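Subject: Handover of a structure and the findings made in it

Dear colleague,

Please find below the structure that I am handing over to you.

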Amino acid sequence: MIFIKAAALIRKWPAFGVVAVLLLAGCGSLAVPMNEPLHSTAGNTEYRLLDVNRQGGAESALVLIALSGGGKRSAAFAFGVLRGMRDIHVQPEGTDSTLLKEIDLLSGVSGGSFPAAYYGLYGDNAFNAFPEAFLYQNIDAYIWGTFLLPWNWDWLFNPLVGTNDRMTQIYDRLMFHGATFADLYRRGRPQISINATDINFGTRSAFCRRPLT
C-alpha cells in the first residue's frame with residue numbers, strides 16, 4: 001500500500017520522485033575497506049631482538065616478557081609484575097642490575113598491552129603515574145558516555161567510525177597524549193610489541209615500533 005501511494009505521488013509530482021531517490025540514497029551505507037593479510041616471509045629485518053639486546057643491559061641475558069589480556073584486572077596484574085621485577089636485583093656478567101632493566105622484549109595483548117606501552121613510553125615514571133592514568137579511572141563512565149551523549153553518536157551514522165574510535169581518543173587523552181611508535185623507538189629498550197587478532201582472517205598482528213627514517 002505504501003509503495004502504491006508513493007508511485008501515485010511521483011506521477012502527480014515528478015519532483016517528489018527526485019526527493020525520494022535522494023532520501024533513499026542517504027540510507028545507503030559506504031563500503032567499508034577491509035584489511036588484506038600480508039603474505040611476506042621477509043620478516044622485520046630493521047628491528048631485531050639481538051640489536052635491542054646490544055643497546056643496554058647484559059648481552060648474555062635475553063629477557064622476554066609476555067603480558068596476557070583480561071581487561072583492567074590483567075593490566076593491574078601486569079603492572080604489579082613489572083613493579084616486582086623492579087625490586088629483583090640480579091648480577092648478569094657481574095654487574096648489579098634489576099630484572100626489569102634486563103627486559104629486552106615486553107609484549108602485551110588486550111589489557112596487558114596498556115602497562116606494556118605505558119612503561120615503554122615513560123620508563124620508571126610509569127610506576128607513579130600509571131595507577132592514576134588508567135587503573136583508578138572509571139572507564140565505564142566513558143563507555144556509557146559513548147552511548148548516552150548525542151555528540152558521540154557519529155558511530156550510528158558513519159560506517160567508517162565505531163565505538164572503538166571514541167575509546168581510542170579516551171585512552172590517548174588519559175595515558176598516551178599523542179605518543180606514537182616513533183616515541184617508543186626514541187626511548188630505546190625494551191622493545192615493545194602490542195598484539196591483536198584480525199577477526200576477519202583469524203591472523204595475529206604484532207605492532208612494533210619502527211626505526212625513524
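Two terms are needed at the outset. Contact means that heavy atoms lie within 4.5 Å. Helices (H or I, at least four residues) and strands (E, at least two) are DSSP runs, numbered from the N terminus.

As to provenance, this is a predicted model, in which local features need pLDDT of at least 70 and side-chain atom pairs count only at pLDDT 80 or more, while totals for chains, interfaces and linings use all residues. Residues are numbered from 1 along each chain as its sequence is written, and side-chain values use heavy atoms, with hydrogens and water left out.

The chain as a whole

The chain has ten helices and six strands. Of its 213 residues, 31% count as buried; buried means under 20% relative accessible area, exposed over 50%, and partly exposed in between (1.4 Å probe, protein chains only). Among the contacts with a separation of 6 or more, 65% are between residues 24 or more positions apart. The chain exposes about 14200 Å², of which carbon and sulfur atoms supply 60%. Such areas come from the Shrake-Rupley method with a 1.4 Å probe; for residues, only the protein chains shown count as cover.

Helix 9 and its surroundings

Helix 9 covers residues 163–176, 14 residues in total. From its first C-alpha to its last it reaches 19 Å, close to the 20 Å expected at 1.5 Å a residue; the expected span is 1.5 Å times one less than the number of residues. Its buried residues are Arg166, Met167, Ile170, Leu174, Met175 and Phe176. They pack against helix 5, helix 6 and helix 7 (139–148).

Aspartate 172 also belongs to helix 9. Its relative accessible area is 29%, so aspartate 172 is partly exposed. Leaving aside neighbours within four places in sequence, aspartate 172 is in contact with His177, Gly178 and Ala179.

Histidine 177 follows helix 9 and sits in the loop between helix 9 and helix 10. The phi of histidine 177 is near 55°, a positive value in a residue other than glycine. Histidine 177 counts as exposed because its relative accessibility is 55%.

Glycine 145 lies in helix 7 and, at 9% relative accessibility, counts as buried. Not counting residues up to four places away in sequence, glycine 145 touches Asn152 and Arg166.

Helix 5 is mostly covered, with nine of its ten residues buried. Among them are Phe114, Ala116, Ala117 and Gly120. Just after helix 5, glycine 123 takes a positive phi of about 60°.

Which residues line the largest cavity? They are Phe79, Leu82, Pro115, Tyr118, Tyr119, Ala126, Phe127 and Phe130. On a 1 Å grid over the protein atoms alone, a cavity is a set of points where a 1.4 Å probe fits but cannot get out, and lining residues have an atom within 4 Å of a point.

The lining divides into eight nonpolar residues, no polar and no charged. Here Ala, Val, Leu, Ile, Met, Phe, Trp, Tyr, Cys and Pro count as nonpolar, Asp, Glu, Lys and Arg as charged, and the others, Gly among them, as polar.

Serine 107 is found in strand 4 (residues 103–109) and is buried, at 16% relative accessibility. Beyond its neighbours within four places in sequence, serine 107 is in contact with Ile65, Ala66, Leu67, Ser193 and Asn195.

The peptide bond from arginine 189 to proline 190 is cis, with omega near -5°. Proline 190 lies in the loop between helix 10 (181–187) and strand 5 (191–198).

Yours sincerely

Terms used
On a 1 Å grid over the protein atoms alone, a cavity is a set of points where a 1.4 Å probe fits but cannot get out, and a pocket is an open set with protein on both sides within 12 Å along at least five of seven lines; lining residues have an atom within 4 Å of a point.
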